[in-house]
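Here is a short briefing on one protein chain. Keep the sequence and the 3D view open as you read.

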Amino acid sequence: ITVVQAAGNFQQQTAETAAADKLRANPNIDAIYGANGPMACGAVQAMKNLNRDQKSVYVATVDATPCVINMLNSGDISVALDQAAGFYVPIAQHYLVAYIQNGPSALPQEGATITGSELNLNTGVKHAGILPWADNSAWAPGKITTEYGHLWFQTGAILVTQKNANDKSLWANVPLNQK
């Protein structure tokens, strides 16, 4: 395996230019990893611009942004690992209230694993037509570590493929009310 690196600076256009340069210099690239959605979309666009068969290159990325969802549906991106961003605020609010009510002992300890049954965030209230916090498997299990000198709640992630790219609970698919 030979790894070549291109700096996309987390920007689609920058990644497109960098990927095009690497693709010209390395015509046998089999896989591309984008550290975020815009860079993966830029790399796919570079392949299209170079008339490369993007479906023959395995493209993986972090973050199932709207562009990534579109490219998953078209088969241009193979897989995305999406963050359970919609759960971050409810998790933080849960522990903030617990801390205010019960003090530091209410916080999970470093090394703990928090399951969806231990921390049920389902409010039963619909938002944008869905129950966004009903499926704790989107974030669970969570692991408690220490980062930057404080407790860190590391959620699980969602593997997004063409099969589940249109799931309404993915943050990029939640309809926004436009007024």
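Helices here are DSSP runs of at least four residues, and strands are runs of at least two, both numbered from the N terminus. By that count, helix H4 covers residues 88-102, and Ile100 sits in it. The model is a predicted one. The protein has 4 helices and 7 strands.

**Overall layout**

- Along the sequence, the elements run α-β-α-β-α-β-α-β-β-β-β.
- The C-alpha trace spans about 60 × 40 × 30 Å along its principal axes.
- The chain has 179 residues, and 36% of them are buried.
- Take the contacts with a separation of 6 or more: 59% of them join residues 24 or more positions apart.
- The protein exposes about 10800 Å². Carbon and sulfur atoms supply 54% of that area.

**Nonpolar core**

- In soluble globular proteins, nonpolar side chains tend to be buried together.
- The largest nonpolar core in this model holds 36 residues. Val59, Ile77, Trp139 and Val160 touch the most other members.
- Five elements are listed as giving two or more residues to this core: helix H1 (12-25), helix H2 (37-49), helix H3 (66-74), H4 and strand S7 (157-160).
- Which element gives the most to this core? It is H2, with 6 residues.

**Nonpolar surface patch**

- Leu96, Tyr99 and Ile100 make a nonpolar surface patch of about 330 Å².

**Salt bridges**

- Side chains of opposite charge can pair when their charged atoms come close.
- The structure holds 3 salt bridges.
- Asp21 pairs with Arg24, with the closest N and O atoms 3.2 Å apart.
- Asp21 and Arg24 are 3 residues apart in helix H1, so about one helical turn separates them.
- Asp21 is partly exposed, at 46% relative accessible area. Arg24 is exposed, at 55%.
- Asp76 forms a salt bridge with Lys48, and their closest N and O atoms are 3.3 Å apart.
- Asp76 lies in the loop between H3 and strand S3 (79-83), while Lys48 is in helix H2, so this pair ties together parts that are 28 residues apart in sequence.
- Asp76 is buried, with a relative accessible area of 4%. Lys48 is partly exposed, at 31% relative accessibility.
- Lys55 also meets Asp76 in a salt bridge, at 3.0 Å from N to O.
- Lys55 is in the loop between H2 and S2, and Asp76 is in the loop between H3 and S3, 21 residues apart. This pair, too, links distant parts of the chain.

- Asp63 is in the loop between strand S2 (58-62) and H3.
- Asp63 is buried yet has no salt bridge.
- How far from Asp63 is the nearest side chain of opposite charge? That side chain is Lys48, 19 Å away. A salt bridge needs the nitrogen and the carboxyl oxygen within 4 Å.
- Leaving aside neighbours within four places in sequence, Asp63 is in contact with Asn36, Gly37, Val68, Ala80, Leu81, Asp82 and Gln83.

**Backbone points to check in the view**

- The peptide bond from Ala140 to Pro141 is cis, with omega near 0 degrees.
- Pro141 lies in the loop between strand S4 (113-114) and strand S5 (142-147).
- Asn51 is not a glycine, yet it has a positive phi of about 55 degrees.
- Asn51 lies in the loop between H2 and S2. Its relative accessible area is 72%, so Asn51 is exposed.
- Tyr148 has a positive phi as well, near 55 degrees, and it is a residue other than glycine.
- Tyr148 lies in the loop between S5 and strand S6 (150-154). At 70% relative accessibility, Tyr148 counts as exposed.

Key
Residues are numbered from 1 along each chain as its sequence is written. This is a predicted model: local features need pLDDT of at least 70, side-chain atom pairs count only at pLDDT 80 or more; totals for chains, interfaces and linings use all residues. Side-chain values use heavy atoms; hydrogens and water are left out. Patches are made of residues with over 30% relative accessible area and no salt bridge: like charges are joined within 9 Å, nonpolar side chains (Val, Leu, Ile, Met, Phe, Trp, Tyr) within 5 Å. Accessible areas come from the Shrake-Rupley method with a 1.4 Å probe; for residues, only the protein chains shown count as cover. A nonpolar core is a set of buried Ala, Val, Leu, Ile, Met, Phe, Trp, Tyr and Cys residues joined through side-chain atoms within 4.5 Å. Buried means under 20% relative accessible area, exposed over 50%, partly exposed in between (1.4 Å probe, protein chains only). Lys and Arg count as positive and Asp and Glu as negative; His and the chain ends are not counted. Contact means heavy atoms within 4.5 Å.
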